[in-house]
2 protein chains.
Amino acid sequence: MIKTNILKIEYNQIIEELKKINSDTILFVADHQVWSIYGKDFNFEELTGKKVIFWKAADGEKAKNFNDFQNCLEFFLDKGIHRNAHMVAFGGGAVSDFAGFVAATILRGIDWSIIPTTLLSMVDASIGGKVAINAKVGKNLIGAFHMPTNIYISESFLKTLPDTEMKSGMGEVLKYCFLDFGIYDLAMKKSDRSELIRACAEYKQKLTLEDFKETGIRKTLNLGHSFGHALEFIYNIPHGDAISWGMVLVFKLFGNEKNIHDITALKEALEMTDKNPPWQNKEFPVEKIMTYLSKDKKISALNSLDLILVNDIGNAVVVNKTFEEIQNALELNKDELRKFSL
Amino acid sequence: MIKTNILKIEYNQIIEELKKINSDTILFVADHQVWSIYGKDFNFEELTGKKVIFWKAADGEKAKNFNDFQNCLEFFLDKGIHRNAHMVAFGGGAVSDFAGFVAATILRGIDWSIIPTTLLSMVDASIGGKVAINAKVGKNLIGAFHMPTNIYISESFLKTLPDTEMKSGMGEVLKYCFLDFGIYDLAMKKSDRSELIRACAEYKQKLTLEDFKETGIRKTLNLGHSFGHALEFIYNIPHGDAISWGMVLVFKLFGNEKNIHDITALKEALEMTDKNPPWQNKEFPVEKIMTYLSKDKKISALNSLDLILVNDIGNAVVVNKTFEEIQNALELNKDELRKFSL
């Protein structure tokens, strides 16, 4: 398996880095919105000797559908590309999920690299080679494991990142704080953002290399994700926000008091001011959550699901729960959850 | 990487074998036509404790399109499957290409097995984990490498196989005769069909294990395929027939006298009576072939293509040819080719 090169670069070095890619053909997939801001700064003519084929992807999750997937594949194939072509995804996690799945399946797989432009992608989505599009019944259910060759991290892009996206990225940072004591420590000491980004990316890279196909330790990265994806789907909220509330939910149902204490302290240290869950003061959506979970990727048999729990910072475990146990726990706690805030 | 188990079984053992699959959920994808003959003999209720979800695929290559791919994925996902589900493809090479690509991408990949029902699939398509659907501009351009767990070979299915399909399968057998002296020898000694099937399947398995992602020795299995796919596309002829004429073409253009002598002798030994190429007495389609080749998966750079040549039986080599060289050779030989027969 490829070990991804995580390269911290300045924004104005990107073209120089692309020149080094060992291919005469670059398939460049850019997020629509990101391109509208930064496109003018990319002069592909500087890539002498390389043919650049450009595809503009829809904004964010909108790109991750079957039609766009097919259109993008047919577009590149029609240009007469070859197996040594190299794809470059430019944008947030959605565009790298999408472009990476095109890279995984075009001509049975070509090499690819990512220029992440969001915090979420820098710390999480771009690392580890999970690529996917969405199915009608759920997010990321159709995809592959396809490791990128290079990830070019330039924090300059964060200057133009909308606040909602910054906040969403912090949801994944919060997750890492529970998985690794080093990252927890950086957060509690209010270390600077660059250090946090580097630590999260390196931690995920480490787990990915140990367990590429997610049969063991890598599963812990799904902390907060089973409930999180359900919340993202039900309330249509940003991914990272959903993950942070997914963590709260799994901690409330199956975790311990300290988990909730830690999440409060960490959110304060990370300056995440959002204290009210999306379900607050509404009917708690037990049935919708159960329907969503029954189609989750992490279910391992017909009647159960692997959840991630955290005994203490840096000590996450995989726990199999039956749907019945989950439903009972939700029913039992739904009235308290309705009134809950951090 | 998984080493596929190639199991020779009797037809009536299939259900017993499926019982042994270590999963509580079987996604069964059957070729429409094959199912109309054999479906009545499959009683899935005997698979106690397993949930069987059944999808009937269109006949042959017709299944390998984007719409069917999407519909099949959404169908299975809607049933609430999980990552330990196991797919079983039942039919010829087209249905295993199709089902295997669904298995490769559903929930980022689940295990799968094949019950090949055609000669072509028994000796070639089912082995080695290449799975794909077709793009508008060419065959198998969208796919993955996804090794099957088990291949259950039961020659009983060949009893109902149409003659055209048997003949097509022999095209791939002919190819193996050039790659491996042992298979050549079996063919020339007119050994029985079972032995030939076993030898071809094992030979392909061996090369696949040495070079799963086709960066070296596995490429030799593409003998006849670059021109063959073009002929298949242009004349709408069965895959194996196209491959045998693709071999003739590459031998005539870039091979040696002995290649043509060998192909004549082997076709006689294998009782392949077809002596006239599909282009005979028609205008030789230089331009159409070149257009097709420019989008072939085996091109390795913008202006060239890897072809397979055979110095002598068992001694195949990969030779890179520019499109210009290929076009010149086609132009130079087109009048002779028009009149050529074996």
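**Ground rules.** I number residues from 1 along each chain as its sequence is written, with chains lettered from A and ligands numbered from 1 in the order in which they are written. As the model is predicted, local features need pLDDT of at least 70 and side-chain atom pairs count only at pLDDT 80 or more, while totals for chains, interfaces and linings use all residues.

**Entry 1, chain A against chain B.** I looked up the contact first, taking two residues as touching if their C-beta atoms, placed from the backbone, lie within 7 Å. Chain A brings 36 residues to it, and chain B brings 36 residues. On the chain A side, the elements giving two or more residues are α3 (66–78), α4 (93–105), β6 (130–135), β7 (138–145) and β9 (299–301). Helices here are DSSP runs (H or I, at least four residues), as are strands (E, at least two), numbered from the N terminus. I noted that α3(A) has the largest share of that side, six residues. By class, the chain A side holds 16 nonpolar, 10 polar and 10 charged residues. For the classes, Ala, Val, Leu, Ile, Met, Phe, Trp, Tyr, Cys and Pro are nonpolar, Asp, Glu, Lys and Arg are charged, and the others, Gly among them, are polar.

The assignment, which comes from an automatic or database source, gives domain 1 (5–159) and domain 2 (163–339). Their C-alpha centres lie 27 Å apart. I found 17 residues of domain 1 in contact with 23 residues of domain 2. On the domain 1 side, α5 (119–125) and β7 of chain A each give two or more residues, and α5(A) gives the most, with five residues. That side has 10 nonpolar, four polar and three charged residues.

I take axes as lines fitted to C-alpha atoms, for helices over the stretch in contact, with angles from 0 to 180 degrees between N-to-C directions. The contact includes F227(A) and L231(A) of α9(A) along with W245(A) and L249(A) of α10(A). Its residues are seven nonpolar, six polar and one charged.

Next I checked α10(A) against α11 (257–269) of chain A, and they pack at about 155° with axes 8 Å apart. They are therefore roughly antiparallel. M247(A), V248(A) and F251(A) in α10(A) meet N259(A), I260(A) and I263(A) in α11(A). I count five nonpolar, one polar and no charged residues there.

K190(B) is not a glycine, yet has a positive phi of about 50°. It sits in the loop between α7 (181–188) and α8 (193–210) of chain B. Is K190(B) buried or exposed? With 10 C-beta neighbours inside 10 Å, K190(B) counts as exposed. The cut-offs for other C-beta atoms within 10 Å, placed from the backbone, are 20 or more for buried, 12 or fewer for exposed, and in between for partly exposed. N236(B), also not a glycine, has a positive phi of about 55° and lies in the loop between α9 (225–235) and α10 (239–254) of chain B. I have E287(B) in helix α12 (286–293) of chain B, exposed, with 11 other C-beta atoms within 10 Å.

Conventions: Parallel < 35°, antiparallel > 145°, perpendicular 65-115°, else oblique.
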